[in-house]
Amino acid sequence: MFAKLLKHEFSAIAKGLLPIYLLMIAAAVITNLLLLTRYDTPSAIAAAIFGAITVAAFVITLVTTIRRFRRNLLKDEGYLMFTLPVTTKQLILSKAVAAIIWSGIGLFCGLLCGFLFILNASTFEWGMISDFFAFIFSHAQAGDWLVVAEVIVSMILNFTLFLFVIYLSISVTQLPIFKANDTVRHRIVPFGCFILFYIIYIGVTSLISKLLPFDANATITQSSDLLIPLLSGIAIELVVVTLVFFLVDYILARHLNLE
Amino acid sequence: MTSLIEIKDLTKVYKKKPALLNVNFTAEKGRIIGLLGPNGSGKTTLLKAMNGLLETEGTLLIDGSRPGVKTKEIVSFLPERSYLDESVKVKRMLSFFKDFYADFDYDKAKSLLKDMNIDEEAKIKQLSKGNKEKVQLILVLSRKAKLYLLDEPIGGVDPAARDYILDLILKMYDPGSTVIISTHLITDVERVFDDVIFLKEGEIVLKGDADTIREDHGKSIDELFREVFQCSLSC
């Protein structure tokens, strides 16, 4: 059932994001072609349009993520979603996994556009790419790859936490105490909850980092110095992500209040 | 006979005001039950509770289980609101139901859409309010569920379509399944009820076999409803 939920969520998000991502790539291609012609004004206009589309792609990704959760689960469509033979956990996870995958696709499109601009630079030569990778592979040690892997895992966890905090901020509006005023309930409460969570989160994690048996501000001389601090960070992020996930699940499973 | 629904002392309180208060009833398999009451009497709250959309106090068992994944497999729910995704085509909703409900009859749904002149290629947002309700009803009735919970199924459709919908409910009705129809349009729907439950301010004020109630009171269900809820309707 989870695979089916994911499939439907993935295609529902695609309708909103795929056009803007394709538009972003098209704008990058056109801008680069114009840059090749050396016509300054059209190139500048195209570059500005590309910049605007890139910002729009970022905003639309965020808005789509929020809307998919709020509209599909907590508005009228919730009557269908919450009566499907699936668990609340599966509903939340399908939304999060689809959002993470689509954000990854968006990031890939952004990097692709950036690569197009690098290709167009006057100093660029294809040999630079092979030189770059040759340098990396000849100098990198086993510990370096571990650090890279930890950084990637940490980034994914941070993004997952960001998503779950958005879900939590929207879900708290289901609690009976926020029933009274619709403006407060739908505008101020989620925003306030999001800010409050991150204030507490930053405060608690910085306190924990002081209690850990290593100096987080110590000078890094080699990549292996980062292994333990990064791993500790991942462990903390994992715990917080899990807690927030279960909190969202608890609110939606026990305090769902569809109008 | 095995009870499909068992409800004992079911209570739901919103801000100290009870929406349901000590509701008790059982429903046998193979019955069409009218859940009757004016607006705000608790009909929708009761149906939401049976769908696991609300946490309640008391006992609520559907086919022996508390509302959850297991009961959702056998309950087909038609809410009063439109839960269709406005941005998709009608046929996409059919695929959605086919994916999630093992008991969904895709061909039957297509045939019913054709009967009602609804284009499956049309986007939901292009449909009229009445047609959206019909699509939703077709989706719900195209399942071979054990329990159908229909919240105001004829509320938003024109009088001509009401008879068709009621006939459809009777046609699709399987003797092994139970149907609960919540409505306040009793005149149109009275003929299909085996049992009725009158709900007033969250409490059951009358329940029983529809024919027996008619005989005992010498009145139609509709007349009795107007009598019982006279104050509620005029106040």
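1. A quick convention before we start: buried means under 20% relative accessible area, exposed means over 50%, and partly exposed is what lies in between (1.4 Å probe, protein chains only). By that scale Phe246(A), at 43% relative accessibility, counts as partly exposed, while Phe245(A) is buried, with a relative accessible area of 9%.

2. Please keep in mind that this is a predicted model, in which local features need pLDDT of at least 70 and side-chain atom pairs count only at pLDDT 80 or more, while totals for chains, interfaces and linings use all residues. Residues are numbered from 1 along each chain as its sequence is written, chains are lettered from A and ligands numbered from 1 in the order in which they are written, and side-chain values use heavy atoms, with hydrogens and water left out.

3. On to the rings. There are 18 aromatic pairs over all chains, a pair being rings of Phe, Tyr or Trp (its six-membered ring) with centres within 6.5 Å; planes under 30 degrees apart count as stacked, over 60 as edge-to-face and the rest as tilted. Phe245(A) and Phe246(A) make an edge-to-face pair, 5.4 Å centre to centre with 75° between the planes. In chain B, the centres of Phe97(B) and Phe104(B) are 5.6 Å apart and the planes at 55°, so this pair is tilted; both residues are buried.

4. Now the interface. Contact (heavy atoms within 4.5 Å) takes in 28 residues of chain A and 27 residues of chain B. The buried area, meaning the accessible area (1.4 Å probe) that two parts lose on being put together, summed over both, is about 2500 Å², and carbon and sulfur atoms give 59% of that.

5. The rule for a salt bridge (a side-chain nitrogen of Lys or Arg within 4 Å of a carboxyl oxygen of Asp or Glu) finds 2 between chain A and chain B. One of them joins Arg81(B) to Asp76(A), with the closest N and O atoms 2.9 Å apart.

6. Over all chains, the whole structure has 20 salt bridges. Among them is Lys144(B) with Asp105(B), at 3.4 Å between the closest N and O atoms. Lys144(B) sits in the loop between H5 and strand S6 (147-151) of chain B and Asp105(B) in the loop between helix H3 (90-100) and H4 of chain B, so the pair ties together parts that are 39 residues apart in sequence. Here helices (H or I, at least four residues) and strands (E, at least two) are DSSP runs, numbered from the N terminus. Lys144(B) is exposed, at 56% relative accessibility.

7. Two further bridges lie within helices. Asp211(B) and Arg214(B) meet at 2.6 Å, N to O; both belong to helix H8 of chain B, 3 residues apart, about one turn of the helix. Arg226(B) bridges to Asp222(B) at 3.4 Å, and both are in helix H9 (residues 221-228) of chain B, 4 residues apart. Asp222(B) is buried at 12% relative accessibility, whereas Asp211(B) is partly exposed at 46%.

8. Finally, two backbone angles to look at. Asn22(B), in strand S2 (residues 17-28) of chain B, has a positive phi near 45°. Asn117(B) has a positive phi of about 55° and is exposed, with a relative accessible area of 69%.
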